[in-house]
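Good morning, and thank you for making time for this item.

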Amino acid sequence: MDEDMKMILLFGGMFLVYAVYRQVHTAEFHEAGKEMSVFIGAANTIILLTSSLTMALAISEIEKGRKVRSVLLQAATVLLGAGFLANKYFEWSDHIRHHIYPGSPVLAERGYGDVLFFGLYFFMTGLHALHVIIGIIVIAVIMTFIYAGRITPVRNSVLENGALYWHLVDMVRIFLFPLFYLIT
């Protein structure tokens, strides 16, 4: 089973767990969702969607033989991914500063539904952030392959596969955003 399929199954299972707990603890999930910053969530979603565009354009540029432009677009993707991670860091820091994190006494006092919501939030967004980090590393390696001549306009399947992975990471974000930020 390839890595993309494993990621789909993992996040698919997590989305199912979220749906079940949300059905059982609807009011608590609603209240917990009010703690989320829709602005930061939307900004991060836009950042990752833009990064998917830059990856798609990088493929187009390598196919046209424009190695430097392809690498620059991949570098933009890496920078956008880093920006996403920076925003996620500040978002998590804000929750931690307010003692809203799994295992905190403040969160435990709020009730089981809140504990579930934020447990799922931290686990799923943390797992997603890990996949963003992996994607950044993969893209950085691909950039070195282009400079080494291992990826060419004719032999670019490694770049295409890296882009598919990145698009899958973005697709997961498209599901995470409404679940944690909009459906309250």
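Let us begin with the loop that joins helix H4 (67–97) to helix H5 (105–110), for this is where His-99 is found. Please bear in mind throughout that the model is predicted. His-99 is not a glycine, yet its phi is positive, at about 60°. How exposed is His-99? Its relative accessibility is 42%, and His-99 therefore counts as partly exposed.

A positive phi also occurs after helix H6: Gly-149, which follows H6, has a phi near 85°.

I turn now to helix H1, which covers residues 3–24. H1 has 22 residues and reaches 32 Å from its first C-alpha to its last, close to the 32 Å expected at 1.5 Å a residue. Which residues of H1 are buried? They are Met-7, Phe-11, Met-14, Phe-15, Tyr-18 and Arg-22. These residues cover an arc of only 105° around the axis, and they therefore lie on the same side of H1. An α-helix has 3.6 residues a turn, so residues three or four places apart point the same way.

What do the buried residues of H1 pack against? Their partners are helix H2 (26–33), helix H6 (112–148) and helix H7 (157–182). The other side of H1 carries exposed residues, namely Leu-9, Leu-16, Gln-23 and Val-24.

Finally, let us consider the protein as a whole. Its secondary structure consists of seven helices and zero strands. Along the principal axes, the C-alpha atoms fill a box of roughly 60 × 35 × 25 Å. Of the 184 residues in the protein, 41% are buried. Among contacts with a separation of 6 or more, 79% are between residues 24 or more positions apart.

Notes:
Residues are numbered from 1 along each chain as its sequence is written. This is a predicted model: local features need pLDDT of at least 70, side-chain atom pairs count only at pLDDT 80 or more; totals for chains, interfaces and linings use all residues. Side-chain values use heavy atoms; hydrogens and water are left out. Helices (H or I, at least four residues) and strands (E, at least two) are DSSP runs, numbered from the N terminus. The expected span of a helix is 1.5 Å times one less than its number of residues. Buried means under 20% relative accessible area, exposed over 50%, partly exposed in between (1.4 Å probe, protein chains only). The arc is that of the directions from the helix axis to the C-beta atoms. Contact means heavy atoms within 4.5 Å.
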